[in-house]
Amino acid sequence: MFNFLYGLFSNDMGIDLGTANVLVYVKGRGIVLREPSVVATNRDTGEIMAVGIDAKRMLGRTPANITAVRPLRNGVIADFDTTERMIRYFIRKVHARKSLLHPRIVISVPSACTEVERRAVRESAERAGAREVYVIEEPMAAAIGAELPVHEPAGNMVVDIGGGTTEVAVISLGGMVLSNAVRVAGDDFDKAIMEYFKEKENLIIGERTAEEAKIKIGSVYPGSQVREMEIKGRDLVTGLPKTILISTDDIRESLNEPMKEMLKVIKETLNQTPPELSADIVDRGIVLIGGGALLGGIDKLLSEETKLPVHVVDEPMNCVVMGAGKYLEQMQNLRKNQLYSLGTREHRE
Ligand SMILES: Nc1ncnc2c1ncn2[C@@H]1O[C@H](COP(=O)(O)OP(=O)(O)OP(=O)(O)O)[C@@H](O)[C@H]1O
Ligand SMILES: [Mg+2]
């Protein structure tokens with residue numbers, strides 16, 4: 001009865017807890033929050049100085065007593081305490097002035113998350129005021145968000161290239177048949193770019209500069225149009241600031257290694273896929289989601305390498321949270337056992 005009453009007033013929400021970005025979807029309102037998963041704290045007092053976009057601006061630029069951290073590095077929760085504070089901050093931000101309401105929350109986690117990590121995420125959301133928390137695996141949420149026919153007895157392959165991990169999953173009949181994750185994704189692209197200029201030009205550049213170059217002129221496909229831009233960094237030899245002109249070819253070259261690793265895990269997953277489902281994937285192709293799907297030419301490269309059609313969904317960075325949101329909206333209509341089969345391992349009454 002109380003749950004029913006709560007349901008009438010609360011703003012139930014879906015959360016994509018990514019290593020790079022957190023997105024929040026509120027039932028009936030759509031995506032209401034999209035912020036980097038970064039928290040800046042005062043090292044002396046433990047006090048939170050900034051969260052999200054404001055904290056991201058501080059990355060690499062903080063004075064000694066302030067640290068700006070990404071609590072979910074490499075696709076796992078590296079810092080539980082800060083993650084919880086971040087979740088709480090975002091939930092409160094979305095629920096401004098409605099702090100008495102207790103929402104139901106669907107929160108997505110990487111499929112490689114351990115039970116302990118899942119529980120930690122659920123408890124964080126509960127402590128932040130959630131009435132019920134459902135934990136859903138990212139690839140499943142992504143497939144729902146991409147409007148793939150997840151309940152049909154046909155194989156769908158989803159590749160989610162995020163900040164910290166690339167997850168490859170085969171989904172059929174409302175469940176994950178197979179999934180593999182590799183800790184090579186957007187962050188590693190940035191690191192590879194930093195490494196490349198350090199070796200080739202003796203130039204030390206920041207993570208944000210590397211990301212900017214990747215987004216502005218990056219491509220991994222040899223036939224792509226070549227673009228150029230200037231980047232600034234510090235000369236390793238003289239120690240002085242230096243500006244150089246770089247091109248799309250530099251970025252492609254620097255991303256060779258991480259792309260190889262990513263391809264390897266995709267090919268391995270295709271190898272492990274049961275033959276009937278493989279046949280479906282040949283027809284339907286691979287669906288690419290996550291911010292990394294926006295990298296220039298990545299669909300063409302993957303298609304050439306796997307000999308399969310590759311589609312990038314519309315708005316690949318929204319896909320997971322949209323899926324979590326749809327799941328929330330469908331929840332009333334689904335029986336509990338169906339919810340379980342959709343990848344939710346834990347359920348609270
Ligand atoms: N246009 C673009 N080209 C290339 N990469 C991009 C582009 N836009 C965003 N990215 C990269 O996408 C990554 C973030 O993607 P996304 O928001 O899907 O990650 P996430 O969900 O937070 O991470 P994860 O799923 O690993 O937890 C970042 O590394 C970012 O640099
Ligand atoms: Mg993600």
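Which helix gives the most to the shell around ligand 1? In this predicted model, helix 7 does, with three residues.

The shell around ligand 1 holds 24 residues, of which Gly18, Ala20, Gly162, Gly186 and Gly291 come nearest. Sorted by class, the shell around ligand 1 is made up of 13 polar, seven nonpolar and four charged residues.

Two helix pairs are described next. Packed helices are described by the angle between their axes and the distance between the axes.

| Helix pair | Angle | Axis distance |
|---|---|---|
| Helix 3 (residues 80-94) and helix 4 (residues 115-127) | about 40° | 9 Å |
| Helix 9 (residues 256-272) and helix 11 (residues 298-306) | about 50° | 11 Å |

On the helix 3 side the contact is made by Phe80, Thr83, Glu84, Ile87 and Arg88, and on the helix 4 side by Ala120, Ser124, Ala125 and Arg127. The contact of helix 3 with helix 4 has four nonpolar, three charged and two polar residues.

The angle of about 50° between helix 9 and helix 11 makes helix 9 oblique to helix 11. Helix 9 passes helix 11 in a right-handed crossing. Helix 9 contributes Met259, Leu263, Ile266, Lys267 and Leu270 to the contact, while helix 11 contributes Leu301, Leu302, Glu305 and Thr306. By class, the contact of helix 9 with helix 11 has six nonpolar, two charged and one polar residue.

Conventions: Residues numbered from 1 in each chain as written. Chains lettered and ligands numbered in written order. Predicted model: local features only at pLDDT ≥ 70, side-chain atom pairs only at ≥ 80, totals over all residues. Near = placed C-beta within 6 Å. Helix = DSSP H or I, 4+ residues; strand = E, 2+ residues; numbered from the N terminus. Nonpolar A, V, L, I, M, F, W, Y, C, P; charged D, E, K, R; others polar. Axes fitted to C-alpha atoms, helices over the stretch in contact; angles between N-to-C directions. Contact = placed C-beta atoms within 7 Å. Parallel < 35°, antiparallel > 145°, perpendicular 65-115°, else oblique. Left-handed = near helix turned anticlockwise from the far one by under 90°.
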